[in-house]
Amino acid sequence: MSNDAVDTAVDASRTAASQAPADAGDAGYSKDLKARHVNMIAIGGAIGTGLFLGAGGRLHSAGPALALAYLVCGVIAFFVVRALGEMVLYRPSSGSFVSYAREFLGEKGAYVAGWMYFLNWSTTCIADITAIALYTHYWSFFTDIPQWVLALIALAVVLAVNLISVKYFGEMEFWFAIIKVAALVAFMFIGIFLVATQHDVGGETPGLSMITDHGGFLPNGVMPVVIVLQGVVFAYASLELVGVAAGETKDPQKVVPRAVNSIMWRVGLFYVGSVVLLALLLPGSVYSADQSPFVTVLSKIGVSGAGDVMNFVVLTAAMSSLNSGLYSTGRILRSMAMAGSAPKFTAKMNRNQVPYGGILLTASIGVLGVALNRVVPDQAFEIVLNVASLGIIGTWISIMVCHLAFVKRAKEGHITRPSFRLPGSGVTEYVTIAFLLAVLGLMWKDAEVGRKTLFLIPVVAAALVAGWYGIKRKAAREAAPLTK
């Protein structure tokens, strides 16, 4: 997007924002997040353990076609964030999609969107502290420390940073993202050099022959590629964090379009580019789910300490995810609490303009995760990760449904859409929703974990219905003055 186009979008969004209703949940926040923070939050959301660790096992099963799977899921993730970005330019809000759902779908829509998001991040919080403990145990110095103690320390450190100030959160996320990007860029330079010079990699000569001589683009057929789509989608979870961060930056109309538009080239460069390089360096069968594919390559060329470096990077990625989860749920819960859809204490803010009530609620679920690490340390990660998957799919679908209602309201002449828009709107939303529902369906193919996760859907639905009937009178009473 050119600078002129961005400026045009800014002018249009300011006009739209002046017509938009205010959300009481946005009051009281500082505007301490800078453009560099938001840009790096966008990068951090696009790069995580799904690439650093997950790509190994997926390359083994899907082969080089994994690059296509990352591209397709990246496009879907871009559609979701672009739809959210359009609504952000219409009206920046720390309540993000929950605030927009309230305006365009009603309080019931905001309630479902918000609690599905909380389900995602509260369970992801458990997965993150479990992962941090596991990664820390990699070093012998920490092996004698119980897993649950390391999980508790990680939660306490990130919680403290989040409670101090949004500026500290932004700075922490900025440097986490720098580490991840630096690691990927360094590997890509090494990988390109190895391919260009035909340098021996563990007895193999890198190049197209690594693909053509080992089964081609689809060495195991189409079905393994289709099945890995479910894991690839979750690798992009947290991209929607850009919409939440927009409520605490001084000029979201300029910052958000640039951050959102940059997601596509980041996906193309970091995800697709990395997977293509990995496929050119070694046969897919050499990679495994037990080791980062980057460590596999570096160890084959005799780079000492590769495992230590990559373990530090994935540890950083897990810390980044935990940091983001506490930040975003604090803002989302506050928006809901102001409308009566969340516990009243989650609306409270400290003197540093941080919604500590919501952050503490999410952290308390993390404490349950600490207990889970004590009771079933070997299963804690797998149990919660699959519950989180339901939350992120529910959140992304709610964003697209909300955008459909947003566009309908604009066509009726009630609001003005900014010039920064979702491409192909009217079709793109339905394609995205259908794709996400198909991913849910694919989970049935995984009898061990995915199918059991699907059985949780009625449980989650029943909890949402029961919760709504428990608070609907209060929500109806408090939602009326929220938007005016």
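Modeller: Buried means under 20% relative accessible area, exposed means over 50%, and partly exposed lies in between. The model discussed here is predicted.

Biologist: Is Leu218 buried, exposed or partly exposed?

Modeller: Leu218 sits in the loop between helix H10 (209–212) and helix H11 (223–235). Its relative accessible area is 35%. Buried requires under 20% and exposed over 50%, so Leu218 is partly exposed.

Biologist: Which residues form a nonpolar patch on the surface with Leu218?

Modeller: The patch has about 490 Å² of accessible area together. Apart from Leu218, its members are Leu68, Leu71, Val72, Phe217 and Val222.

Biologist: How many residues of helix H5 are buried?

Modeller: Helix H5 covers residues 66–90 and has 25 residues. From first C-alpha to last it reaches 36 Å, close to the 36 Å expected. H5 is largely enclosed by the rest of the structure, because the number of its residues that are buried is 21.

Biologist: What share of the largest nonpolar core comes from H5?

Modeller: This core has 154 residues, and Leu66, Tyr70 and Tyr236 have the most contacts inside it. H5 supplies the largest share of the core, 17 residues.

Biologist: Which tyrosines is Tyr70 in contact with, leaving aside neighbours within four places in sequence?

Modeller: The contacts of Tyr70 include Gly50, Leu51, Val232 and Val275. Also among them are Tyr236 and Tyr271.

Biologist: Which residues of H14 are buried?

Modeller: Helix H14 spans residues 293–300 and is mostly covered, with six of its eight residues buried. These are Pro293, Phe294, Val295, Thr296, Val297 and Leu298.

Technical notes
Residues are numbered from 1 along each chain as its sequence is written. This is a predicted model: local features need pLDDT of at least 70, side-chain atom pairs count only at pLDDT 80 or more; totals for chains, interfaces and linings use all residues. Side-chain values use heavy atoms; hydrogens and water are left out. Helices (H or I, at least four residues) and strands (E, at least two) are DSSP runs, numbered from the N terminus. The expected span of a helix is 1.5 Å times one less than its number of residues. Buried means under 20% relative accessible area, exposed over 50%, partly exposed in between (1.4 Å probe, protein chains only). Patches are made of residues with over 30% relative accessible area and no salt bridge: like charges are joined within 9 Å, nonpolar side chains (Val, Leu, Ile, Met, Phe, Trp, Tyr) within 5 Å. Accessible areas come from the Shrake-Rupley method with a 1.4 Å probe; for residues, only the protein chains shown count as cover. A salt bridge is a side-chain nitrogen of Lys or Arg within 4 Å of a carboxyl oxygen of Asp or Glu. A nonpolar core is a set of buried Ala, Val, Leu, Ile, Met, Phe, Trp, Tyr and Cys residues joined through side-chain atoms within 4.5 Å. Contact means heavy atoms within 4.5 Å.
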